Amino acid sequence: MYIAVSLAILVTMVLALVRALRGPTVYDRVLAVNMFGTKTVLLLSVIAFLMGRPDFLDLALAYALINLVGVLAVLEFSQKKPRATDVKDLD
């Protein structure tokens with residue numbers, strides 16, 4: 001059963017990579033990368049359970065936090081902010 005779960009997670013990771021490469025917008029690509037990171041955390045958790053290594057759960061939690069911070073940073077960077085030259089003087 002756990003092998004089937006691992007294979008299903010790997011299939012969804014491949015689909016996320018395809019969406020990240022073919023996504024029409026930046027937000028689709030960021031969503032796909034976030035989904036890939038979430039599935040990686042899930043796969044690490046399943047592997048930790050199968051191998052009987054609870055220390056892998058610490059790695060999965062650290063990876064989840066890095067994934068969250070990375071996605072937020074990319075979204076902040078990709079958000080278009082008005083420049084000082086774009087704002088017209090109202091005087």
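Which residues does Ser6 touch, not counting residues up to four places away in sequence?

1. Before the answer, some housekeeping. This is a predicted model, in which local features need pLDDT of at least 70, side-chain atom pairs count only at pLDDT 80 or more, and totals for chains, interfaces and linings use all residues. Residues are numbered from 1 along each chain as its sequence is written, and side-chain values use heavy atoms, with hydrogens and water left out.

2. Ser6 touches Leu43, Val46 and Leu50 once residues up to four places away in sequence are set aside; contact here means heavy atoms within 4.5 Å. Ser6 sits in helix α1, residues 2-22 (helices are DSSP runs of H or I, at least four residues, numbered from the N terminus). Ser6 counts as buried because its relative accessibility is 13% (buried is under 20% relative accessible area, exposed over 50%, partly exposed in between, with a 1.4 Å probe and protein chains only).

3. Tyr2 is in helix α1 as well, and with a relative accessible area of 42% it is partly exposed.

4. Tyr2 and Phe49 make a tilted one, 5.2 Å centre to centre with 55 degrees between the planes. The rule takes rings of Phe, Tyr and Trp (its six-membered ring) with centres within 6.5 Å; planes under 30 degrees apart are stacked, over 60 edge-to-face, and the rest tilted.

5. Phe49 belongs to helix α2 (residues 26-51) and Tyr2 to helix α1, so the pair ties together parts 47 residues apart in sequence. Their C-alpha atoms are separated by 9.4 Å. Phe49 itself is exposed, at 55% relative accessible area.

Definitions and conventions
Helix = DSSP H or I, 4+ residues; strand = E, 2+ residues; numbered from the N terminus.
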